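Please open the structure in the viewer and keep the selection tool at hand. The tour below moves from one selection to the next and states what is to be found at each stop.

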Amino acid sequence: MASDALEIPDASNIVTLDGTEAGCENDMIRCEASDNCSLPIDIILRSSSDPLTRFGTHKLNLQIYSSILSLAPPSNEPASPGITKDPSTTRSDVSSTTSDANSTLQTASFNPTDESKDVYLPEDPDVIQLLLKFMHHQPQPDLRLISSNLLLRFANAAEKYKVYCATGVCSVVLEFSVKEHPFDVFLYATNWGYTGLQEVAAKLAMKESPARFFAYAHSINHVAWRDLAEQETHKLPTKQVHDSFKEYCKDSGSWAEAFGAWFNKRESLRTALFTALNNPIPVQHKGGLSHCDEWHSFYPQLLGKMAVEPPCEESFLAILANLKPVLKNCDHCGIVLKAMGRSVRVATTEGVGKRALREFL
Ligand SMILES: [Zn+2]
Ligand SMILES: [Zn+2]
């Protein structure tokens, strides 16, 4: 047996409240994971977040279905959303040190009245209940029928504890709910290596809220996705991007630096865009004039509005649509604007727009 495997106590050491055979028939504590479980209860799990419920279960099942539930998560285990270490140092907790967990679970005798031997998991009771159900040989709950929120929490716990009989089905069911929770599914897929699902979730999250996804990707140091999202954020007001960094990168000390780089890039985009706006191609009007009277009214308004709007082609086109009536359908000005639009597109998407964020740090 591997050194990290759970040691199963000798059956003769299993003690019950009434001194008889331990098992589900025990009135005080019984296995709730299965309707007719007859296995002896020899370990009790509790939730750190809601410790009122004691889950009587079986070390043998924990050993068979989870290679690490009895042990502390390795220090390099990626953190999952909602999974936190219990701050208590006085009680048994699988999120404490490995040696602590071993000493807790390898107790040779079991007394259900001794609550000091209970093992605390950081997961919520509904997640623990589901984990225990999946660790019994029985038809499993239909995960399509549980809430997306519970599914995500359960999926992360199943991965964390390597409950492989649940991990595969969780990832498949999460594919169906990715549209509802693209950000959470992105984190789940990133943490546990579901590359295909990660890509689907990332694209949905980026489309739903580029600023939030930009900050999200930065907070988990995913440079490739961060830089892709960044391309989309220059269509947004500066404040929105700033606020997203502030909200979603609270724990990341480097967000101010990243936002500074983003702002530098935005200013470079604005400079490039105004280079295009300030150099309209000459189109001779009737009578040999460079511009018509309408242009002299239109052009300052265009520059003034673009000075305060996000420096992108979308802003330019929106302002153009708004101001076009001022030109009274002047065909000559139409030619100028078409050329200007091409220059704006090249300036913002092909030139500065293509440069990586790190170049602006
Ligand atoms: Zn059971
Ligand atoms: Zn004109």
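This is a predicted model: local features need pLDDT of at least 70, side-chain atom pairs count only at pLDDT 80 or more; totals for chains, interfaces and linings use all residues.

**First stop: helix α5.** Select residues 164–177, which form helix α5.

Within α5, now highlight A166, C170, S171 and L174, which are buried. An α-helix has 3.6 residues a turn, so residues three or four places apart point the same way. Which helices cover the buried residues of α5? Among them are α3 (125–134), α4 (148–160), α6 (182–192) and α7 (195–208).

**The whole chain.** Zoom out before continuing. The chain holds 14 helices and three strands. It has 361 residues, of which 36% count as buried.

**Second stop: α3 and α4.** Two packed helices are described by the angle between their axes and the distance between the axes. Select α3 together with α4, two of the helices that cover the buried residues of α5. Their axes are 9 Å apart and the helices pack at an angle of about 55 degrees. That angle makes α3 oblique to α4. The crossing of the two helices is right-handed.

To display the contact, show D126, V127, L130 and L131 on α3, and L150, R153, F154, A157 and A158 on α4. By class, this contact comprises seven nonpolar and two charged residues, with no polar ones.

Proceed to the loop between α4 and α5, where K162 is located. Its phi is near 55 degrees, a positive value in a residue other than glycine. Is K162 buried or partly exposed? K162 counts as partly exposed because it has 13 C-beta neighbours inside 10 Å.

Select residues 238–248 for α10 and residues 255–277 for α11. The axes of these helices come within 10 Å and cross at roughly 165 degrees. The pair is therefore roughly antiparallel. In passing α11, α10 makes a right-handed crossing. On the α10 side, the contact is made by T238, V241, H242 and F245, and on the α11 side by W255, F259, W262 and R266. These residues divide into five nonpolar, two polar and one charged.

Select residues 293–308, helix α12, and pick out A307. A307 counts as exposed because 11 C-beta neighbours lie inside 10 Å. Now draw a distance from A307 to F274: the two are 33 residues apart in sequence, yet their C-alpha atoms are 8.5 Å apart in space.

Select residues 313–323 for α13 and residues 331–351 for α14. Their axes come within 9 Å and cross at roughly 160 degrees. The two helices are therefore roughly antiparallel to each other. In the contact, E313, F316 and L320 of α13 meet L337, G341, V344, R345, T348 and T349 of α14. The residues of this contact divide into four nonpolar, three polar and two charged.

Next, move to the loop between these helices and select K328. As a residue other than glycine, K328 has a positive phi, near 50 degrees. K328 is exposed, because 12 other C-beta atoms lie within 10 Å.

**Last stop: M340.** Return to α14 and select M340. With 19 other C-beta atoms within 10 Å, M340 is partly exposed; a residue is buried if 20 or more lie within that distance. The C-alpha atoms of M340 and F316 are separated by 9.7 Å, and the two residues are 24 residues apart along the chain. With which residues is M340 in contact, leaving aside its neighbours within four places in sequence? The answer is A276, L277 and P280. Of the helices already visited, α11 covers residues 255–277, and A276 and L277 may be shown there together with M340.

Note on methods:
Residues are numbered from 1 along each chain as its sequence is written. Chains are lettered from A and ligands numbered from 1 in the order in which they are written. Helices (H or I, at least four residues) and strands (E, at least two) are DSSP runs, numbered from the N terminus. The expected span of a helix is 1.5 Å times one less than its number of residues. Two residues are in contact if their C-beta atoms, placed from the backbone, lie within 7 Å. Axes are lines fitted to C-alpha atoms, for helices over the stretch in contact, and angles run from 0 to 180 degrees between N-to-C directions. Angles under 35 degrees count as roughly parallel, over 145 as roughly antiparallel, 65 to 115 as roughly perpendicular and the rest as oblique. A crossing is left-handed if the near helix is turned anticlockwise from the far one by less than a right angle, and right-handed if clockwise. Ala, Val, Leu, Ile, Met, Phe, Trp, Tyr, Cys and Pro count as nonpolar, Asp, Glu, Lys and Arg as charged, and the others, Gly among them, as polar.
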